[in-house]
Amino acid sequence: MSEQYIIKLSSCDQKSPIGNKARSLLALYNRQYNIPDTHICTFEAYSSFLANPDKTEIMIHDELTKLLDPLKAYAVRSSSNLEDGNDHSYAGLFTTVLNVKGIKQVAVAIKAVWKTADSDSVKSYIRQLDLNADNFPLGVILQEIIPA
């Protein structure tokens, strides 16, 4: 495999292709806050999915199998370069899937998050903000759910 599509948050730095929400989690991690086990499905995975969905799905499934515990539950959340910024939030525009268990189910949840990038509400919001819709990479956060 030439490219890694899912990376552990602790392996990221400020140049990683992970989105603003993931960068905020990385800042907390770097300041030694205790955050749940977190992985990021990168911008490259999303771009690859748009170009070649079948191949990308296989690669993501293989990586998830190596990285995630299929018995644990995960929150699957968006993390783009445009959301959660100083000027705009995108709050509530992307799908978030909670309590996802199993490798196949996490992969399905990742695709559900990606599909919302093509929604009318997201496109309308991008137009209203006069942003470049062609420069809209979408990462996905896979964060372990910690039972209360």
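Q: Leaving aside neighbours within four places in sequence, with which residues is T42 in contact?
A: The model is a predicted one, in which local features need pLDDT of at least 70 and side-chain atom pairs count only at pLDDT 80 or more, while totals for chains, interfaces and linings use all residues. Residues are numbered from 1 along each chain as its sequence is written, and side-chain values use heavy atoms, with hydrogens and water left out. With contact taken as heavy atoms within 4.5 Å, and with neighbours within four places excluded, the partners of T42 are Q4, Y5, I7, P17, L138 and G139.

Q: Is T42 buried or exposed?
A: T42 belongs to the loop between β2 and α2 (43-51); helices (H or I, at least four residues) and strands (E, at least two) are DSSP runs, numbered from the N terminus. Buried means under 20% relative accessible area, exposed over 50%, and partly exposed in between (1.4 Å probe, protein chains only). Since its relative accessibility is 2%, T42 counts as buried.

Q: In what order do the five strands form the open sheet?
A: The chain has five helices and five strands, and along the sequence the pattern reads β-α-β-α-α-β-β-α-α-β. Two strands pair if DSSP finds at least two bridges between them. The pairing in this open sheet is antiparallel, and the strand order is β1-β2-β5-β3-β4.

Q: Which strands stand at the edges of the sheet?
A: An edge strand has a single partner strand, so one side of it is left without a neighbour in the sheet. The strands in that position are β1 (6-8) and β4 (97-101).

Q: Which residue of β2 is the bridge partner of I7?
A: β1 pairs with β2 (residues 38-41) in the antiparallel sense, over three bridges. Within this pairing, I7 has as its bridge partner I40.

Q: At what angle does helix α3 run to β1?
A: Axes are lines fitted to C-alpha atoms, for helices over the stretch in contact, and angles run from 0 to 180 degrees between N-to-C directions. Helix α3 (residues 53-67) lies across β1, β2 and β5. Its angle to β1 is about 25°.

Q: How are α3 and α4 oriented to each other?
A: Helices α3 and α4 (residues 103-116) pack with axes 9 Å apart, at an angle of about 130°. Angles under 35 degrees count as roughly parallel, over 145 as roughly antiparallel, 65 to 115 as roughly perpendicular and the rest as oblique. The orientation of α3 to α4 is therefore oblique.

Q: Which residues of α2 make the contact with α3?
A: The axes of α2 and α3 cross at roughly 140° and come within 6 Å, so these two helices are also oblique to each other. On the α3 side the contact is made by P53, T56, E57 and I60. On the α2 side it is made by A45, S48, F49 and A51.

Q: What separates the C-alpha atoms of I103 and H61?
A: I103 is placed in helix α4 and, at 12% relative accessibility, counts as buried. Beyond its neighbours within four places in sequence, I103 is in contact with H61, L64, T65, L68 and P70. Although I103 and H61 are 42 residues apart along the chain, the separation of their C-alpha atoms is 6.9 Å.
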